[in-house]
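Please consult the sequence and the structure alongside the text.

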Amino acid sequence: MARTRVYRHGVLEAENFPAAELSDYLQDPATVVWLDLAKPTAADLTTISDELGLHRLAVEDAVSEHQRPKLDRYSSHSFLTAYAVRLDTGTGALSESELAAFITDRALVTVRKDDRFDIEEVVRRWDGSDDLAKSGAGFLVHGLLDYIVDTHFDAVQAMDDQIEELEDGVFADHVDHTGMQRRSLRLRKSLVSLRRFVLPMREVVNSLMRRDHHLVDEALMPYFQDVYDHVLRASEWTESLRDLVTTIRETQLSLQGNRLNMIMKKVTSWAAIIAVPTAITGFYGQNVPYPGFGQPWGFWLSTAVIVVLSGALYVMFRRRDWL
């Protein structure tokens, strides 16, 4: 399924017309066209490739999946690959949607690799800033990148909230260590994936803003700079969150070690206290006479010694915070 639009002198003139009419609109230098293709094959791109003069390598990358985020420049056009992302706050899993785009002076061709990419949101952003449509294809590219970068920023913010919950859980009175470990590992995995999508976007947006690219005019430059600022913030935020997840995991392990040490101290202390009556009664259990043998006062003497020594050990351990 293909979607189309044409702008003439910055005004939306037609949409959802047959893709075969693109060449007719492009004959007018005052027009800018957009074509969206969902999960096309190489054969589907052949006609578009001939009309726009797309490079063969770019067409191959457009139908291949799992490309890295990048911006390749060819003689007649540029080729963009980027990912929109979404974080499942329930599971902490990150889902991505790959998009490829061909960018010329007067045309934008988007190629969606799956149905998860919300192209309707991109269209709404174009309609919400139609005053910039006079800037040509750069206007279309800005709306596309603005949506993609916003998904990165939203995912980072959602991860930040998840990590704050982890921080609160680390110092809770009753900690589910197994659940904490699973959540932290899932978030770390998602952060690693998000980092692969976010970091390359700095170079992508920076390259599009270069003067020799002739895509961003003076009217669009502040808007691209705003997108670039969001890219930098998302990148820095991702790096800091990755370090924070590692710190939380290390803190959790350290607290577990400290709690284990406290338990061992308490067990050892009680064992030492219990050893006193065991030693005394065991010593008196020999088949030899002992002080007070056969006398009531001998029993009370041994009992008093047990109570006094055990009490002294208990007080000493309490002062040393072992109990």
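Helix H2, which spans residues 44-52, contains Asp50; helices are DSSP runs of H or I with at least four residues, strands are runs of E with at least two, and both are numbered from the N terminus. The model is a predicted one, in which local features need pLDDT of at least 70 and side-chain atom pairs count only at pLDDT 80 or more, while totals for chains, interfaces and linings use all residues. Residues are numbered from 1 along each chain as its sequence is written, and side-chain values use heavy atoms, with hydrogens and water left out.

Asp50 counts as exposed because its relative accessibility is 61%; the classes are buried under 20% relative accessible area, exposed over 50% and partly exposed in between, with a 1.4 Å probe and protein chains only. Together with Glu21, Asp24 and Glu51, Asp50 forms a negative surface patch. Patch members have over 30% relative accessible area and no salt bridge, with like charges joined within 9 Å and nonpolar side chains within 5 Å; a salt bridge places a side-chain nitrogen of Lys or Arg within 4 Å of a carboxyl oxygen of Asp or Glu.

Asp36, in strand S3 (residues 31-38), has 0% relative accessibility and therefore counts as buried. Its side chain makes a polar contact of 2.7 Å with that of Arg112, the term denoting a pair of N or O atoms within 3.5 Å.

A nonpolar surface patch comprises Trp270, Ile274, Tyr314 and Val315. Helix H8 (221-284) and helix H9 (296-319) each contribute at least two of the patch residues. Trp270 belongs to helix H8 and counts as partly exposed because its relative accessibility is 44%.

Note on methods. Accessible areas come from the Shrake-Rupley method with a 1.4 Å probe; for residues, only the protein chains shown count as cover. Lys and Arg count as positive and Asp and Glu as negative; His and the chain ends are not counted. The place of a charge is taken as NZ of Lys, CZ of Arg, CG of Asp or CD of Glu. A polar contact is a pair of N or O atoms within 3.5 Å; within protein, one must be able to donate a hydrogen and the other to accept it, and residues adjacent in sequence count only if both atoms are side-chain atoms.
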